[in-house]
Amino acid sequence: QTYLFQYTFAVTPAHIKRLYKRFQALDKGNKGYLSPQDFGSVKELATNPIGDRIIGAFFSQGQETVDFHSFVRILAHFRPLDKNRAKRPDSPEPINSRISKLRFAFQLYDQDNDGKISRDELLQVLRTMLEMQVTEEQLESIADRTIQEADLDGDNAISFDEFRKSLEKVNIEHKMSSRFLH
Amino acid sequence: MSCWTRRGLLLALALGLALLVPMALSLGAAEKTRRSVGNGHGTGVTLRPDDSHGDGHGVNKTKKIFPVLTFDFAHVKIPFEISLWVLLASLMKLGFHLIPRLSSIVPESCLLIVVGLLVGGLMKLVGAAPPELQSDVFFLYLLPPIILDAGYFLPIRPFSENLGTILMFAVVGTLWNSFFIGGLLYAVCQIEGTDLKSIGLLPCFLFGSVISAVDPVAVLAVFEEIHINELLHILVFGESLLNDAVTVVLYHLFEEYSGLGMVTFLDVFLGVICFLVVSLGGVLVGAFYGLLAAFTSRFASHTRVIEPLFVFVYSYMSYLSAEVFHLSGIMALIACGAVMRPYVEANISHKSHTTTKYFLKMWSSVSETLIFIFLGVSTVAGLHSWNWTFVTVTIILCLVARVLGVMGLTFVINKFRIVKLTNKDQFIIAYGGLRGAIAFSLGYLLHPEEFPMRNMFLTTIITVVFFTVFVQGMTIRPLVDLLAVKKKQETKRSINEEIHTQFLDHLLTGIEDICGHYGHHHWKDKLNRFNKKYVKKCLIAGERSKEPQLIAFYHKMEMKQAIELVESGGGVKLPSAVPSTVSMQNIQPKKSNSERALPQISKSREEEIRKILRSNLQKTRQRLRSYNRHTLVGEPDEDGWNDLLLKRQKIMDMDKQISRMSNYLTVPAPPPESPTLSRSRLASDPQHYVPKPTLGNVPIIKVDLASPQSPEYVSVVDEFQKEAVPLKEEDEDAGGLTMKVPLGDPKKEEQEQQDGGKEQQRLMRCLSDPGPGGAEEEDEPFLP
């Protein structure tokens, strides 16, 4: 099974061991899978503005549990990119490439999965991040401004390409990598 | 080359020469007078006529003619000389940029050194002794502005992300360089044939430590022009700043003990302790002064004019305080600037911020220029002792040590870095290790008695500095282009980037928490929380302390755009009914603090008004430019009630149109001409005039125009404030403070009977009277 992980997610056996230990630590009651309450026991997540979104990302559509496979799959996004690795032309996009990382982040914004970040979704994110310290009008004008800046095709929403374009100067490979999987 | 540029070139050269010669001569003359005055009056060129202060001195004074015009240079000599040098530096800087070709090939630092050489040479020709770069002048006056400029504008994010790498290069790299160069030089000195046997091991190490430090001034001067990408810039520059602690410790260690000729393990151990004390102590001193400065700036809202002074004085004091204890002054200065900046910027006015920025840039620019010129002059002025072996071996060793050090360290560092350093990066880092004036000044500080080879050291240091600045400085730009190193991206940060990077920060913090990994993001998040909860409250004045970073960024951006729009010629004429007075709301407090010509409602009244509005007006408050006196208007004339309802609809449609056009404009533009439009503009909030049933106990604020003679009208507001009642959300529309015009409204008359009829009359008068400007022009701009 580790071979499968290695192949798909480009994680090393050491990583898998570490992740499995953590999985077991989170899995209170040794069920073999994780439920939302297990994630809730991580107390720092409660103070994180987008904590619930992150937890939600682990549970794929309609599922109530997270098995180890999905756990690794999500966390593999945050592995630092290995630039020197030779790229085979027909291999699928590695899960920790820049595009995949961005897609993961995009999905956190786009909760209804329609492929666009609508104004309301953006407002929701802003509201949680700014934690009630600003007024509704301020949020709205920021959201309008954001969409206006990023929106290239005029549909008043941010598609994945526009999202990617607006972040082209940001060093995503660095920003979205965790040393845990180094 | 066109005719114009040829003429320009000739003109510039002629100007330069014409200035150089008299300056050199005057400086020479100044030198001569110093000597002559010192030798007593009457020898050489006497400049002080004896009889100018003649009253009552001599007994047998014959009466001379009253001197109409005297020449007394001596008592302004020192400031005069300093000003001449600064003027020379500035004119040279000016001149270089008039010659287009030259500045793109040769970096400014080289040109300035050449100018220094020329001036020194001229002075020698004239017969005056050119001044040398005194170490205390350098360390106390010329170096701090540059370091402060660097520290204040240090980009914190890349710096903290790469801190580990920078520290490795600074500490381990410098140590490696010093010992490698020192040791091999000693070995070379022992070789037969050179007459360098007399140089002991410790002086060699001392020399090695002096010469191995990468110099921030030189790095800044060269890297500024090549616009390299942020990562490399911060790596080399950060290294040059942080290696100061190592240099200080090594220098003192070897200087102390080179007389004795040996260093024990205890001394080495103490040296390590000393290093920790020097660096951490410097940082703490700097942070302390930085916090003091931030705290002081919190109260500076009434004396905006001296705000920039606090930044400068506190920073300089931190530098001097650190120098008292022989701690690292450079690190203190960096820490001070970096710590104080976020808080001071939140507190000081926009103008003070601009002033600070420009003063820092100006001082550091002049300092840098002077340093390079003096390097040139000192070359001519100093006594030199040239030794081919020593010099060439030093240069070769410097290069080799640097390359080996960088390669070795990168190999180790890359194991820990997420984004690895490529070979190109390594090359640039190695090549960018320039030496400069700090090495020279440290060498200058050596005592000639203890170090008989001081002159040789100085000569070598100058040669190495020249080599790095000229050869490496000139060739780095074509090399950067050749290797296609990534350049700095010039564009400004967009709000998208800001929002998304914050989002990603939260995301990574969450992921790290899930993994149970206390990584970079975790600590950064903790620091931010601590900052928000405790520190900001202390150090930032008033409301700004609660402002989230995103909002501050957003407003800065809006302000910039507004200023740009105005500067570009006023652009679109918009009625200021453009929505998003949201941002105006937050711009206004800042602007309202700046000096205004008209007398104003006192701050406490303003606060009261604001409090009422804030507590009651949930939805409508942002549409009201309610607390700026000058737009605290809101009434039409008495008859225009129905008109206004129609106008309101029109305005709303127009708003939508305009917002589609350019909805980023949030600063109100000058009002258009038509009176009705202006009146309805002033009554911009549609919700103002919804004729909703007033709840009996909702206070009604009667607003009046900003008429200068009406401070007493505020008393009306006061009155109602006493009756301020918490809001009942009975229906969503009516729940709110309404800005009512005291019209003939039955419900309102009840209320109005509460105040004296006199008040009402006063109000009515003031409401229909637009102010001193005359009653008829209602299209007068209300915004000054």
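# A tour of chains A and B

Begin with chain A and select residues 14-49, 97-132 and 138-173, the spans that UniProt lists in an unreviewed entry as "domain: EF-hand"; UniProt positions are given here in the numbering used for this structure, feature names are shortened, and annotations may be inferred rather than shown by experiment. The structure is a predicted model, in which local features need pLDDT of at least 70 and side-chain atom pairs count only at pLDDT 80 or more, while totals for chains, interfaces and linings use all residues. Residues are numbered from 1 along each chain as its sequence is written, chains are lettered from A and ligands numbered from 1 in the order in which they are written, and side-chain values use heavy atoms, with hydrogens and water left out.

Keep residues 14-49 of chain A selected: the span is 64% helix and 0% strand, and its end C-alpha atoms lie 31 Å apart. Helices (H or I, at least four residues) and strands (E, at least two) are DSSP runs, numbered from the N terminus. Move to residues 138-173 of chain A, where the end C-alpha atoms are 32 Å apart and the chain is 61% helix and 6% strand.

Next, select chain B, which has 28 helices and 0 strands. Of its 784 residues, 50% are buried (under 20% relative accessible area, with exposed over 50% and partly exposed in between; 1.4 Å probe, protein chains only). Among contacts (heavy atoms within 4.5 Å) in chain B between residues at least 6 apart in sequence, 83% join residues at least 24 apart.

Now display both chains and colour the interface. Here 55 residues of chain A are in contact with 56 residues of chain B. The buried area is about 5,200 Å², with carbon and sulfur atoms giving 65%; this is the accessible area (1.4 Å probe) that two parts lose on being put together, summed over both.

Which residues form the salt bridge? Select B:Asp505 and A:Lys175, whose closest N and O atoms are 3.0 Å apart; the rule requires a side-chain nitrogen of Lys or Arg within 4 Å of a carboxyl oxygen of Asp or Glu. The interface of chain A and chain B has 1 salt bridge by this rule. On the side of chain A that touches chain B, helix H9 (residues 136-150) gives the most, with 10 residues.

Finally, select B:Gln502 in helix H19 (residues 495-515) of chain B. Is B:Gln502 buried or exposed? B:Gln502 is buried, because its relative accessible area is 14%. Leaving aside residues up to four places away in sequence, B:Gln502 touches A:Met129, B:Gln549 and B:Leu550.
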